[in-house]
Amino acid sequence: MFDDSEAKVEAFLSYLTTERKVASATQNQAMNALVFLYKQVLDKPLIKRIEAIRSKTSRHVPVVLSLDEIRQVLPRVEGVAQLVVKLLYGGGLRITEAVRLRVQDVDFDRTFRQRR
């Protein structure tokens with residue numbers, strides 16, 4: 001049953017990269033799941049080094065609004081939504097980070113000290 005386990009894992013991880021074109025994070029997650037499966041569930045840890053074809057790390061650069069675009073957007077947004085947009089753009093926050101932000105998370109002394 002466990003004969004050639006490393007070769008099977010290696011073939012599967014290579015398949016994910018070459019055929020399925022998965023991201024490197026997805027391939028890493030699959031590798032970690034397989035290591036856990038063999039070690040904890042099947043009680044047969046993988047011994048040999050896995051030499052699978054690795055996914056290339058994404059070189060995706062996030063799309064950011066230009067200063068002119070932000071100047072056009074901000075006046076059209078009001079209230080709490082405008083505050084969230086300002087946090088996203090000015091602080092480099094992700095949406096989930098901005099909506100989870102609490103008042104006690106903001107260092108007002110530092111913020112106002114830097115503006116002077």
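The 20 positive and 14 negative charges of the protein have mean positions that lie 5 Å apart. Here Lys and Arg count as positive and Asp and Glu as negative, while His and the chain ends are not counted. Each charge is placed at NZ of Lys, CZ of Arg, CG of Asp or CD of Glu.

Before going further, a word on the model: it is predicted, so local features need pLDDT of at least 70 and side-chain atom pairs count only at pLDDT 80 or more, while totals for chains, interfaces and linings use all residues. Residues are numbered from 1 along each chain as its sequence is written, and side-chain values use heavy atoms, with hydrogens and water left out.

**Overall form**

Six helices and zero strands are found in the protein, giving the pattern α-α-α-α-α-α along the sequence. The radius of gyration is 23 Å, well over the 13 Å that the globule rule gives for 116 residues, so the protein is more spread out than a compact globule. That radius is taken over C-alpha atoms, and the globule rule is 2.2 Å times the number of residues to the power 0.38. Helices (H or I, at least four residues) and strands (E, at least two) are DSSP runs, numbered from the N terminus.

Along its principal axes, the C-alpha trace spans about 65 × 30 × 25 Å. The protein exposes about 9900 Å², of which carbon and sulfur atoms supply 54%; accessible areas come from the Shrake-Rupley method with a 1.4 Å probe, and for residues only the protein chains shown count as cover. Buried residues make up 18% of the 116 residues, where buried means under 20% relative accessible area, exposed over 50%, and partly exposed in between (1.4 Å probe, protein chains only). Among contacts (heavy atoms within 4.5 Å) between residues at least 6 apart in sequence, 54% join residues at least 24 apart.

**The largest nonpolar core**

Which residues make up the largest nonpolar core? There are 11 in all: V9, L13, L16, V22, A30, M31, L34, Y38, L46, I50 and A52. Both α1 (5-18) and α2 (24-41) supply at least two residues of this core, and the largest share, four residues, comes from α2. A nonpolar core is a set of buried Ala, Val, Leu, Ile, Met, Phe, Trp, Tyr and Cys residues joined through side-chain atoms within 4.5 Å.

Leaving aside residues up to four places away in sequence, L16 touches K21, V22 and A30.

**Residues in the loops**

K21 sits in the loop between α1 and α2. The loop between α2 and α3 (67-73) holds D43, and P45 and R59 are also found there. Phi is near 55° for K21, a positive value in a residue other than glycine, and D43 likewise has a positive phi near 55°.

How accessible are these loop residues? The table gives their values.

| Residue | Relative accessible area | State |
|---|---|---|
| K21 | 64% | exposed |
| D43 | 63% | exposed |
| P45 | 38% | partly exposed |
| R59 | 79% | exposed |

P45 touches Y38 and K39, not counting residues up to four places away in sequence. P45 and S5 are 40 residues apart in sequence and 9.3 Å apart in space, C-alpha to C-alpha. For R59 and V80, the separation is 21 residues in sequence and 33 Å in space, again C-alpha to C-alpha.
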